[in-house]
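Student: Can you walk me through this model? I'll ask as I go.

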Amino acid sequence: MIIGTAGHIDHGKTTLVRALTGVETDRLPEEKRRGISIELGYAYLHADGASVGFVDVPGHERLLHTMLAGSTGVRHALLVVAADDGVMPQTREHLAVLALLGVAQASVAITKIDRLEPAARAARLAQVHAEVRALLAPTPLAGAPLFDVSAASGDGIDALRAHLLAAARMQDGSPDASAVAHAGLDAADSSAGQALRLPIDRAFTLAGVGTVVTGTIASGRVRVGDELALAPGSGGAARRVRVRGIHAQGQPAQAGHAGQRCALALAGVARDEVQRGDWACAPALALATTRIDVQCSLWPDEERALRSGTPVHVHLGTADVVGSIVLLDRDLLEPGASALAQLVLHAPISAWHGDRGVLRDASATRTTAGVRVLDPFAPQRWRKTPERLAQLAAQALPHRAGRLAQLLQHAPMGLDCVQAARAEGLDGPAHLPLPPDAILLDGGALALAPAALQGLATLALGALQAFHTASPDEIGPDARRLKRLAAPRAGDVLWQHLVQHLLDSGAIARTGHWLHLPGHAARLSAAEEQLAQRLRPPLLAGNFDPPWVRTLAADLAVPEALVRQTLASLARRGEAFQVVKDLYYPTATLERLAAIARGCEAQGDGLNAAAFRDATGLGRKRAIQLLEFFNRVGFTRRVKDAHLLRPGTALFAGVGG
Ligand SMILES: Nc1nc2c(ncn2[C@@H]2O[C@H](COP(=O)(O)OP(=O)(O)O)[C@@H](O)[C@H]2O)c(=O)[nH]1
Ligand SMILES: [Mg+2]
């Protein structure tokens, strides 16, 4: 168990840790000279079957960022209040920090009782106790026991030590101990699959060992030999390192687990490439973000409401970064209230679902709010839509399985399981507790609720019907064009699945590449079939310039209307396409023209009217008409004067059928 000190400067935190453990944590020359703590101090106590790590924090108000870094992973707070001074500003601020970080256990040491006049002692202690009780009352730490101690005389020290060891035994002995050791993790999230995360609070070089990082393991386990990532890393890439050696709770070890303070000796990274604020984590978890959606609670003692857009200092894990806060479900956050918000950061950090942090004001003089991470992959656009707010409400649910079930309900385009697992700190999508009826696609990388599939099917069928109504003489769109018409935000894998699902169920049909409603592809009447047999040869013989309806009618001596009707039926069967009014090209001819267009795009100035004209030997006007046709059916896409093939398009590639 990790115990963190808290309290005003000079109230005796460092002295008390020394009295409890025998370890002097103020080791820097400057700390010795000035008699104050500047850096985090660490000490361990192994006794009576318990292992307690102490993180001693500086009390100076200007060093609150250091106190915050040290308080990540603290399970039990040791609030120190000097009997002579009583409650002071950093007593209050540190308590606020602990409460906002979600630290749920504490003990209070009333120190320096030897300094009180024996005659006035009882009265003064009663007064300080009342003051402290009043301070704790509105916080989750209200029930913390008080111990009167003196490091100078040793009074009360043994009782406090025994109490802390007992608390450690209780906590480390409980089955969920490792999973809940991190203050930011919900007890309900103690399921398997949580991979290693360790917020780094120190990095240094040790002669003969190399780069060493330290921190309290937030989740998972680490073993000697493991490959880890250092996140957020620079340039969007997390660096890979290997664990050469481990100290857990101050002793050499082969492994370390959640709740333990560890030092990791790392191979593959120089000292100046890693710093406080970084995380050592399982490679599958590495992430870097500048936008985090959170639940934000404004401290009740704040004097003013928090406005959307306010600049803030964000402390998450051991990181400390500036940014601003955007309120998502209101414009103003009143003291004591909580809201959904987005943190927009000036530099990337790593954070995972459930992590807790605090906000300080822009000048970093006041702790103002606590935050709990809901989504480290927060969107910039559509961040306040009802759909997005529903997703965030789902993210706020305490149990992982319930949370994912709700998230899936609010994911009309499917849930990205790789990202969801990463956000949850799980070692891959296989560890996500998804509801049994979830439809898994793309090897489990995408999950879809049955209702979402139904919703997409309705959109697709509606779009197809509208297409047939608008273009009765066309067979139908290809799958990509239908996606653009029906659900442009759907991913390709999802869309393929949907189209296959609709084909399998008979809701739609396919002719060649073209999709259509089953009733749309025309059956030719006997008369039409007879005429079609006479139309096909001249159309094919016409090559890149097939005859017009009028010419065909004259040559075959049949009424124009009948030729027009028969060609429209052939078009509805995907055998031919009307390129301009009354000019039909057989699909086989279009396949050859498409091959030429592909060839044009691959060379010179690309696919434009001049190049296509030269390559086909057609006139300029017809070349342009054909290119416009290609655009219309989604084979190409026009950008200024060029026609770009839609990437990966299979249209007119000669599937035959
Ligand atoms: N008389 C007396 N002095 C104490 C006691 N605890 C701490 N001090 C003194 O108070 C000063 C500040 O203590 P320190 O542990 O550095 O306080 P911190 O800033 O909270 O870490 C030092 O000079 C200590 O010797 C105590 O129990 N009795
Ligand atoms: Mg100190």
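Student: What should I know before reading any of it?

Tutor: This is a predicted model, in which local features need pLDDT of at least 70, side-chain atom pairs count only at pLDDT 80 or more, and totals for chains, interfaces and linings use all residues. Residues are numbered from 1 along each chain as its sequence is written, while chains are lettered from A and ligands numbered from 1 in the order in which they are written. Helices (H or I, at least four residues) and strands (E, at least two) are DSSP runs, numbered from the N terminus.

Student: OK, ligand 1. Which residues come nearest?

Tutor: Gly12, Lys13, Thr14, Thr15 and Ala152 come nearest, out of 20 residues around ligand 1. A residue is near a molecule if its C-beta atom, placed from the backbone, lies within 6 Å of it.

Student: And which helix gives the most to that shell?

Tutor: Helix α1, residues 13-21, with three residues. By class, the shell has five nonpolar, ten polar and five charged residues. Here Ala, Val, Leu, Ile, Met, Phe, Trp, Tyr, Cys and Pro count as nonpolar, Asp, Glu, Lys and Arg as charged, and the others, Gly among them, as polar.

Student: Moving on. Is α3 mostly covered or mostly exposed?

Tutor: Helix α3 (residues 64-71) is mostly covered, with seven of its eight residues buried. Buried means that 20 or more other C-beta atoms lie within 10 Å of the residue's own, exposed means 12 or fewer, and partly exposed is in between, with C-beta atoms placed from the backbone. The buried residues are Leu64, Thr66, Met67, Leu68, Ala69, Gly70 and Ser71.

Student: What do they pack against?

Tutor: The buried residues of α3 pack against β1 (2-6), β3 (50-56), α4, β19, β20 (319-327) and β23. Contact is taken as two C-beta atoms, placed from the backbone, within 7 Å. After α3 comes Gly73, with a positive phi near 90°.

Student: β23 is on that list. How many of its residues are buried?

Tutor: Five of the six residues in β23 are buried. Strand β19 (residues 310-316) runs antiparallel to β23 and is joined to it by five bridges, with Val312 opposite Asp361. β23 is also joined to β24 by five bridges, again antiparallel, and there Val358 stands opposite Gly370. Two strands pair if DSSP finds at least two bridges between them.

Student: What sits between β23 and β24?

Tutor: The two form a hairpin with five residues between them. Ala364 in the turn has a positive phi of about 55°.

Student: Why is Ala364 called partly exposed?

Tutor: Because it has 16 C-beta neighbours inside 10 Å.

Student: Where else is phi positive in a residue other than glycine?

Tutor: Asp442 is one such residue, with phi near 55°. Asp442 is in the loop between β26 and β27, and it is partly exposed because 18 other C-beta atoms lie within 10 Å. For context, most residues other than glycine have a negative phi, and most peptide bonds are trans.

Student: Where is there a cis peptide bond, then?

Tutor: Between Ala231 and Pro232, with omega about 5°. Pro232 lies in strand β11, residues 227-234.

Student: Back to β26 and β27. In what order do the strands of that sheet run?

Tutor: The order is β25-β27-β26, an open sheet of three strands with antiparallel pairing. β25 (415-416) and β26 (439-441) are the edge strands, each pairing on one side only. Two bridges join β25 to β27 (residues 446-448), and Asp416 stands opposite Leu446.

Student: Last one: α11 and α12. At what angle do they cross?

Tutor: The axes of α11 (residues 450-470) and α12 (residues 479-486) cross at roughly 105° and come within 9 Å. That makes α11 roughly perpendicular to α12. Axes are lines fitted to C-alpha atoms, for helices over the stretch in contact, and angles run from 0 to 180 degrees between N-to-C directions. Angles under 35 degrees count as roughly parallel, over 145 as roughly antiparallel, 65 to 115 as roughly perpendicular and the rest as oblique.

Student: Which residues meet there?

Tutor: Leu459, Ala460, Ala463, Leu464 and Phe467 in α11 meet Leu482, Leu485 and Ala486 in α12. That contact has eight nonpolar residues, no polar and no charged.
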